[in-house]
Structure formats: structure tokens, C-alpha cells
Amino acid sequence: MDRSFCRSTLEHKTPLGGRETMSHNTKKFGRDTVTIHAGGEVDPATGAVSPPIYQTSIFAFDDCEQGAGRFAGSESGFIYTRMGNPTVARLEVAVAALEGGFNGLATGSGMAAVCTTLLALLSSGDHMIGTASVYGPSRVVVERDFVRFGVESTFLDTSDLDAVRAAIRPNTKILMIETPANPTIVLSDLKALAEIAREHNLITMVDNTFASPILQRPIEHGIDITIHSMTKFINGHTDIVGGIIVPATEELYKRIRSMHLYLGACVDPHQAWLALRGLRTLSLRVKASQANAQIVAEYLEKHPKVEWVRFPGLASHPQHELAERQMDGPSALISFEVRGGIEAGRNLLNSVELMTLAVSLGGIETLIQHPSSMTHAAMPREQRIEAGITDGLVRLSVGCEDVEDLIADMEQALEKA
Ligand code: LCS
């Protein structure tokens, strides 16, 4: 078997301008194969099939010349784990192979991926446009903190292409899109937005956390950078926090890598190893959970106590057609509202037994939460309402349990709502 797409992870990473190796060749293989093998070469030292965890902060040099050469970028090899680590490199190569990007930059959290990317690409006096309904802190950090450094921003409904066009200013540099959006499950048209951005020289970044690269690869639609909270689907087991940035080109990779390095946004090797292990079953988990989500969404849509349901796999989703064009499946996130608004929603959340009342998403277990009092509480209420995050909106992340058990739990909880 030609495993060239997963070779070479161990020879790369010097600091800036150094030799970077990106040898994945995803063209020849199906996505499941890439998910399981990318970055997965047998350990050359021992033959270990499961990759070693290089739990070390430093790597010794043979001599001064080698050390100086690694710093200068003329010698390949590792120096210091903040600058690169073999276990982390395998994860970065694997996610980049799935996304079709140049290489990955793993971070300690999804928020670190968002902030590192923005800090690398924006300067004082620049303007950025973002999806109004994003993970709350991704917007709050821009409007509350980046503004202190002279960055202007406009958050709007990026499914409205005319609104995006109208918001572009001479100093606009970045278009930050989240699709499907957290927690409204509104989609944005990636191909159309990439075209608009190209006309105006904007860099596009997409938070692909809700879809995962199994279902959506923004770079294929012309997007410049994909980011993830790996805390969610990529890891999938609710046991780490992590993030990753995947730029499409070497040029963007180098710009962001500089900030990644100096900000210290790196991920710990053990955390990276867990994310890589989780990634190996990404395709299986995503397919199982979205099949369950389809059934749960259809059940909710028919339930008399449910006011509305938004799930891209339902024909009633306003962008069902876009979902079919842009995604390889609807993913496993559902938003809905129980009749009786916030009070009924609270009763529902307090009544679930099998489902877990907790934030986060994309794990093997089904999670349910209330965005306006939890994940999006830091946003001012009027901003939430404008972004479509109503007080009664409930967000469900469907897991891989037996779907009959999920429906039974929902049934009893809706009775109490
Ligand atoms: N992007 C999206 C779309 C997210 O949903 C989250 C976290 C982040 C970025 C940030 O990632 P983190 O730093 O937490 O790894 N979303 C969460 C949520 O909806 N509930 O809890 C966390």
C-alpha cells in the first residue's frame, strides 16, 4: 500500500521559515481511509503501530552545528515542544489531510485557534466581518477585546450575501464564518462567500466545528482557513479541550504559525495524542450520530409540544438545499423550541435522564443545553435575539446511543415540559 500520504510527519518542524513537510496525498484514498491512516506511519524506531506520545519539552542536538541548523531552518528536526512535537505533528498532518489544507496548527483550545488566527491576520485599524450567531465567546472576544487594539467588526447574518457585500469597507480584512452556526444551525453559502471575499481581497476563515471535515471541507469551496474546536467531533470523547487551524496555503500557514509560536498557543503532546486517537473513529461516530439526529429531529418535528425544529436534514430547514449541496450530511446538532417558551424549555432540560445537561457537543453521548443562559450568556440579550438565539431555544447534540433510548428519554421529558 502506498502510504505516502501519511509519511514524513517525524522529519518536520523547525521554527519560522524552516523546512516544513506536508506530504499527504489524499487524492488516492477515500475519506474513511484518510481518517484512519493520515499521520499514522509506524514508529520508525520501534515499529509501534499506535504512535508514541513524545511527552518531552525538549529535543537534544547532536552538536552545536545541528542545533544552530535547526534554528536556522537548514536542518530538519525538533527543538522545543512549543515549536513542534512529533506527536502533535501527526495530528496536524492528519486533520490537514482531511480538510485538504497545507498543514495544521494544533492549539490548546478552539478559542486559541480563533484568537491566534485573528491576531495573526488583523492589525489596528482593520475591520472584520463575522457570522452573528457564532459560539458566543468567538464574537465576544472580538467586540470586547480586539476592539481595545483598534480592530473594528461587524457581525451579521452571513447567510444573507447582500448584507455581507454591503458591510465590506475599504479596511475589511477578514470574513469569519461559522456554518452550521452555533446554536441556530443556520448555514452560510461557502462558495458564494469565498467568491465575494476574493473580489474584495478578504481572507476567509470558517469555523468547521459543527460539521467536521467528514461532512464539510470549506477549503474545497475556496475558503482560505478552516478552524476547529477539537474538543468536539474531532476528539469526540469529551475528555480533552483542543483546537486546530488549517490554512489552505503555505503562505497563510507561515503567517499564522509565527503568531502560534510566539503566543504559545500549542497543544500538549498527550492532549494531541488523545485527539489523534479520537480522530481515527471520526467518520464512524459522525455517521452514527447524524443518523440518530435525523430520527430525533423527525420525531421532534411531529411532536405537538414542539414549536419549531431546525436541522439541516429536514426538508423544513430553510437551507435544506444548500446543506445537500455543501455538506455530505446534516451533522448531529439540532436546535428547537418547546411550546411555552423558556419555562417549558427549562422543565424539559431539568427532566432529561439519559441525555446529559451540559455544554459542548460532538461527543459520543447526547448533550442538551440552553444557549441563552449558558454558551451564549455573555452576549447581550438584544444581540442574541437579533442573531436568532431566542430565549427558549434548546440545543441538542445527538450522540451514538440507541436511538430508541434517546426518543424514550425525550418523550418522558417533553411530557414534563
Ligand atoms: N467554535 C465553536 C463552533 C464552538 O462551538 C466552540 C466551543 C469553540 C469554537 C471554542 O472551542 P473550545 O475553546 O471550547 O475548545 N463551543 C462550546 C459549546 O457550544 N458549548 O461549550 C463549548
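**A mixed sheet and a buried methionine**

In strand 6, Met-205 has Ile-225 as its bridge partner. Strands here are DSSP runs of E with at least two residues, and helices are runs of H or I with at least four, both numbered from the N terminus. The model is predicted, so to speak of local features a pLDDT of at least 70 is needed, side-chain atom pairs count only at pLDDT 80 or more, and totals for chains, interfaces and linings use all residues. Residues are numbered from 1 along each chain as its sequence is written, and side-chain values use heavy atoms, with hydrogens and water left out.

Strand 5 (residues 203–207) and strand 6 (residues 225–229) run parallel and are joined by 3 bridges; two strands pair if DSSP finds at least two bridges between them. Helix 4 (residues 110–121) packs on the sheet and touches several strands, including strand 1 and strand 6, and its direction makes about 150° with that of strand 6. Such angles run from 0 to 180 degrees between N-to-C directions, with axes fitted as lines to C-alpha atoms, for helices over the stretch in contact.

The open sheet itself holds 7 strands in the order 1-7-6-5-4-2-3, with mixed pairing. At its edges lie strand 1 (105–107) and strand 3 (152–156), each pairing on one side only.

Now for the loop between strand 6 and strand 7, where Met-230 is found. Met-230 counts as buried because its relative accessibility is 0%; buried means under 20% relative accessible area, exposed over 50%, and partly exposed in between (1.4 Å probe, protein chains only). Beyond its neighbours within four places in sequence, Met-230 is in contact with residues including Leu-91, Ala-106 and Ile-244, contact meaning heavy atoms within 4.5 Å.
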